[in-house]
Amino acid sequence: ALAYTTAALMSHQPAILSVLLTRLNADTFSRRIQVQVFSKLYLPAMRKGEDFTVVKKGVECAEGHSLAEGAPEDYAITCAGADTTAEANSGLLSCTECPVCYAMCPENPDSASKFAADTDTKFKLLTIPALTKGTVHTLPKANVECEESYSLAQDAPETYSITCGEADKSTDADVGLLSCDTCPKCHAKCPANPENADKFVAAEGPVFKQLEIAELIKGQEVTLAAEKVTCEDGHSLAEGAAESYTI
């Protein structure tokens, strides 16, 4: 096996590097191996049967891709010799645990389409950095932006755990989707000063002209004093009606 490591090679002067290092892509690997996804590997020319250890820094991913969170620190690459289906001088490489570059999950996702298909989430914008596969990001609810007239619920969590890639069942490394167990979800607000009973659940059937209350978010409760209830002309609350109402 070669005694050099990628780190050692990378420490030489640029003129030496140009002789010792080869930038390879996945096409240089045996077709009998599950071809893995990367842009370039830095390693020297090798004879059949020789091994070389490529460290993380020697793996170059395409733009918008990276090795996964917790990826190995190094990879053993072997010169497997010729592909049996090709000419004898078509030297190909092999690896047992191979470097794989995955699509990164996008920065500041602006729709639920950036999440795995079965994710129950609704928002306008989440302020998060671009994430590598397997990274878990803690998102404070202050960084969840809802569409106009929508908001998180009254009992929404203070933070959300957003994961890159874990919920994606696809084997395609170019699918950079987010997932979450408890996901941020924006709900329509209840309007301020409702002017008719249409703004209430149908079965409750209140009768009034207008209620003087502020805009409310899902799960929020407010106490409405009787004097804040306006009835239609010729109507009024009944004698002995409640002094206040919970809305």
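This dialogue explains how to read several features of a predicted model.

Visitor: What kind of model is this, and which conventions apply?

Guide: The model is predicted: local features need pLDDT of at least 70, side-chain atom pairs count only at pLDDT 80 or more, and totals for chains, interfaces and linings use all residues. Residues are numbered from 1 along each chain as its sequence is written, and side-chain values use heavy atoms, with hydrogens and water left out.

Visitor: How many helices and strands does the chain have?

Guide: Helices (H or I, at least four residues) and strands (E, at least two) are DSSP runs, numbered from the N terminus. Here the chain has two helices and 19 strands.

Visitor: In what order do the strands of the open sheet lie?

Guide: Strands of a sheet pair through backbone hydrogen bonds, either parallel or antiparallel. Two strands count as paired if DSSP finds at least two bridges between them. In this structure, three strands form an open sheet in the order E10-E13-E14, with antiparallel pairing. E10 and strand E14 (178-179) are the edge strands, each pairing on one side only. Five bridges join E10 to strand E13 (residues 159-164) in the antiparallel sense, and Val-136 stands opposite Thr-163 in E13.

Visitor: Is Thr-135 buried or exposed?

Guide: Buried means under 20% relative accessible area, exposed over 50%, and partly exposed in between (1.4 Å probe, protein chains only). Thr-135 has a relative accessible area of 17%, so this residue is buried. By contrast, His-65, in strand E5 (residues 65-67), counts as partly exposed because its relative accessibility is 21%. Buried residues make up 34% of the 247 residues in the chain.

Visitor: Where is Thr-135 placed, and which residues is Thr-135 in contact with, leaving aside its neighbours within four places in sequence?

Guide: Thr-135 belongs to the loop between strand E9 (125-126) and strand E10 (136-140). Contact means heavy atoms within 4.5 Å. With those neighbours set aside, Thr-135 is in contact with Glu-69, Ile-162, Thr-163 and Cys-164.

Visitor: Which side chain makes a polar contact with the side chain of Thr-135?

Guide: A polar contact is a pair of N or O atoms within 3.5 Å; within protein, one must be able to donate a hydrogen and the other to accept it, and residues adjacent in sequence count only if both atoms are side-chain atoms. The partner of Thr-135 is the side chain of Thr-132, at 2.7 Å. Elsewhere, the side chain of His-65 reaches the backbone oxygen of Glu-63 at 3.1 Å.
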